[in-house]
Structures are given as structure tokens and as C-alpha cells.
Amino acid sequence: YKIHLTLDKDSRTITITDNGIGIAEKDIPRLTERFYRVDKSRSRDTGGTGLGLAIVKHVLIHLNASMHIESRLGEGSTFTVEIPASLNASSQNRPQA
């Protein structure tokens with residue numbers, strides 16, 4: 001896999017690219033849903049709970065950031081996260097202490 005960081009005056013962009021098996025286009029919109037797994041035959045014992053990207057999505061919401069996912073079967077996937085340079089999380093989205 002490859003990780004790339006781009007810094008500019010307005011944002012920080014992190015791009016993670018792999019050359020794995022890829023993800024079907026129909027599955028991409030659901031990847032950030034809680035407990036969603038592309039491979040339905042996998043159990044928690046063999047491959048996660050389906051919570052990782054759901055947690056990432058909620059962290060990014062609190063940072064007023066975004067994530068974009070691109071993938072092609074047999075070629076791999078690219079996950080791009082864009083975080084505002086100011087990191088001014090919205091007070092309405094911030095959990096109460």
C-alpha cells in the first residue's frame with residue numbers, strides 16, 4: 001500500500017492506496033455503515049466487525065472532514081480523507097462532555 005499526505009493552506013489530504021482485490025462498485029456506498037461487510041462469509045473470528053470505517057466516518061464528521069472511496073475489482077482501492085487545515089470542529093457535532 002501507499003500513503004500520501006498533501007498539505008495546503010485550506011486542507012490536509014491523506015490518500016491511502018492499495019493494490020488488493022478491490023471492492024465492487026455496488027458495495028462502496030455502504031462501506032461506512034455499521035456492521036457492513038463486503039464479504040458476507042467472513043465472521044468476527046476471520047475478519048473484523050464491520051465497524052472500522054463507520055468509526056472513521058463519525059470522527060471525520062466531527063472534524064468537518066470528508067472521505068472519498070474509489071475501487072476497481074482486481075486492481076485495488078484508494079481512500080482519500082480531506083481535513084480542513086483549521087481543524088475547527090463544528091460545535092453542533094461535537095459530543096458533550
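I began with strand β1, residues 2-7, and found it hardly covered: of its six residues, the count of buried ones is zero. Buried here means under 20% relative accessible area, exposed over 50%, and partly exposed in between (1.4 Å probe, protein chains only). Strands (E, at least two residues) and helices (H or I, at least four) are DSSP runs, numbered from the N terminus.

A note on what I am looking at: this is a predicted model, where local features need pLDDT of at least 70 and side-chain atom pairs count only at pLDDT 80 or more, while totals for chains, interfaces and linings use all residues. Residues are numbered from 1 along each chain as its sequence is written, and side-chain values use heavy atoms, with hydrogens and water left out.

**First hairpin**

Next I looked up the partner of β1. Strand β2 (residues 11-17) pairs with β1 in the antiparallel sense, over six bridges; two strands pair if DSSP finds at least two bridges between them. Three residues lie between β1 and β2 in this hairpin.

I then picked out I3, which is found in β1. Its bridge partner in β2 is I16. Is I3 buried or exposed? I3 counts as exposed because its relative accessibility is 55%.

I3 and I16 also turn up with Y1 in a nonpolar patch on the surface, with about 380 Å² of accessible area together. Such patches take residues with over 30% relative accessible area and no salt bridge, with nonpolar side chains (Val, Leu, Ile, Met, Phe, Trp, Tyr) joined within 5 Å and like charges within 9 Å. A salt bridge is a side-chain nitrogen of Lys or Arg within 4 Å of a carboxyl oxygen of Asp or Glu. Accessible areas come from the Shrake-Rupley method with a 1.4 Å probe; for residues, only the protein chains shown count as cover.

I moved on to strands β3 (residues 66-72) and β4 (residues 76-84), which pair in the antiparallel sense over seven bridges. H68 stands opposite T80 in β4. In the turn of this hairpin, G74 has a positive phi of about 80 degrees.

Which residues make up the largest nonpolar core? I noted five: I23, I28, L31, I69 and F79. A core is a set of buried Ala, Val, Leu, Ile, Met, Phe, Trp, Tyr and Cys residues joined through side-chain atoms within 4.5 Å.

**Whole chain**

Last, I read along the sequence and found the pattern β-β-α-α-β-β. Buried residues make up 25% of the 97 residues.
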